[in-house]
Amino acid sequence: MMPSENRPLVPLRLVLGLVTFLLGALFLADSAGLLRADSALDFWPVAVIALGLVVALQPDTGNRMVGAVLLVAGVWLLFNAVGIWTYRFWHSWPYLLLFFRSRVLFR
């Protein structure tokens, strides 16, 4: 048993279980004709956002930067998927990488 101060706030197993359950429900609804899974799969960046939240909320502070990067990337990709932000992430990720690296260097 892990001490409470080292225990994650949101266990990764719980998130993976919920994602698996939701994907199963999505494909079941698709096969039943209740919705079209191809349009729902446009929201795949939500999984990146969820992973970023799980990583950022871990008690180990070393993972917070990784969680923040995943959150920013997930939100950026989601905004592109729904048409809110049209500047493509794949063309601009080097700028984000330089920003985060320069922040670490100047700390």
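In the predicted model, the lining of the second largest pocket is made up of ten nonpolar residues and one charged residue, with no polar residues. Eleven residues line this second largest pocket, and those closest to its centre are V69, W93, L96, L97 and F100. The space in the second largest pocket comes to about 180 Å³. Two helices, α4 (64-82) and α5 (89-105), each contribute at least two residues to its lining. Of these contributions, that of α5 is the largest share of the lining, at seven residues.

The largest pocket has a volume of about 390 Å³. Its lining comprises 14 residues, of which V19, L22, L23, V46 and A47 are the closest to the centre. The elements that supply two or more residues to the lining of the largest pocket are α1 (12-31) and α3. Helix α1 provides the largest share, six residues. By class, the lining of the largest pocket consists of 14 nonpolar residues, with no polar and no charged residues. The lining of the second largest pocket, by comparison, includes one charged residue.

The elements that form these linings belong to a chain with five helices and zero strands. From the N terminus onward, the order of elements is α-α-α-α-α. The chain has 107 residues, and 21% of them are buried. With regard to contacts between residues at least 6 apart in sequence, 41% join residues that are at least 24 apart.

Confidence was examined for the chain and by element. The mean pLDDT of the chain is 77, and 86% of the residues score at least 70. Helix α3 (residues 45-56), which also supplies two or more residues to the lining of the largest pocket, has the highest confidence in the chain, at a mean of 85. The lowest confidence is found in helix α2 (residues 37-40), where the mean is 72.

Key: Residues numbered from 1 in each chain as written. Predicted model: local features only at pLDDT ≥ 70, side-chain atom pairs only at ≥ 80, totals over all residues. Heavy atoms only, no water. pLDDT = per-residue confidence, 0-100. Helix = DSSP H or I, 4+ residues; strand = E, 2+ residues; numbered from the N terminus. 1 Å grid on protein atoms, 1.4 Å probe; cavity = no way out; pocket = protein on both sides within 12 Å on 5 of 7 lines; lining within 4 Å. Points joined across faces, edges and corners; volume = space filled by probe spheres on them. Nonpolar A, V, L, I, M, F, W, Y, C, P; charged D, E, K, R; others polar. Buried < 20%, exposed > 50% of the residue type's maximum accessible area, 1.4 Å probe, protein only. Contact = heavy atoms within 4.5 Å.
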